[in-house]
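Biologist: I would like to learn how to read charged side-chain pairs in a model. Please start with the term itself.

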Amino acid sequence: MSKTLKRKKHWSTKVQECAVSWGSVGEFGDVVEILGGAEHGEFPFLGQMNLDVLVCHVGRLPYYGDVLLEVNGTPVSGLTNRDTHAVIRHFREPIRIKTVKP
């Protein structure tokens, strides 16, 4: 007997990319909280966001809890929280971020 298997989509098909800027409020870390990191045994993920300040130029704004994969093409998965903030600070706005739902 052969059974028809339902194929699940790979998680990489659900990756979202957006370009965001935050104006003259300060740094990205002041507007979007980044939690997790290698020191906690987790991927970096997005926390609370100040949606009044964030502007999405391309794509759709990410949601609370989305896993942060890349910042302007630089992979941040596996980095510590401090290193992730350093990568973000390195780039001018707007920055392109790739996220995926957990």
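Modeller: A salt bridge is a side-chain nitrogen of Lys or Arg within 4 Å of a carboxyl oxygen of Asp or Glu. The model here is predicted: local features need pLDDT of at least 70, side-chain atom pairs count only at pLDDT 80 or more, and totals for chains, interfaces and linings use all residues. Residues are numbered from 1 along each chain as its sequence is written, and side-chain values use heavy atoms, with hydrogens and water left out.

Biologist: How many salt bridges does a search of the whole structure find?

Modeller: The search finds four. One of them joins glutamate 27 and arginine 89, with 3.2 Å from N to O.

Biologist: Where do glutamate 27 and arginine 89 lie?

Modeller: Helices (H or I, at least four residues) and strands (E, at least two) are DSSP runs, numbered from the N terminus. Glutamate 27 sits in the loop between strand E1 (16-21) and helix H1 (28-31), and arginine 89 in helix H2 (residues 81-90), so the pair ties together parts 62 residues apart in sequence.

Biologist: Is glutamate 27 buried, partly exposed or exposed?

Modeller: Buried means under 20% relative accessible area, exposed over 50%, and partly exposed in between (1.4 Å probe, protein chains only). Glutamate 27, at 39%, is partly exposed.

Biologist: Which residue does aspartate 66 meet in a salt bridge?

Modeller: Its partner is lysine 101, at 3.5 Å from N to O. Aspartate 66 is buried, with 2% relative accessibility, whereas lysine 101 is partly exposed at 44%.

Biologist: What does lysine 98 form with glutamate 70?

Modeller: Lysine 98 and glutamate 70 form a salt bridge, their closest N and O atoms being 3.7 Å apart. Strand E7 holds lysine 98 and strand E5 holds glutamate 70, so parts 28 residues apart in sequence are tied together. Lysine 98 is partly exposed at 27%, and glutamate 70 is partly exposed at 24%.

Biologist: What is the pattern that the protein follows along the sequence?

Modeller: The protein has two helices and seven strands, in the pattern β-α-β-β-β-β-β-α-β. Of its 102 residues, 33% are buried. Contact means heavy atoms within 4.5 Å. Among contacts with a separation of 6 or more, 62% come from residues 24 or more positions apart.
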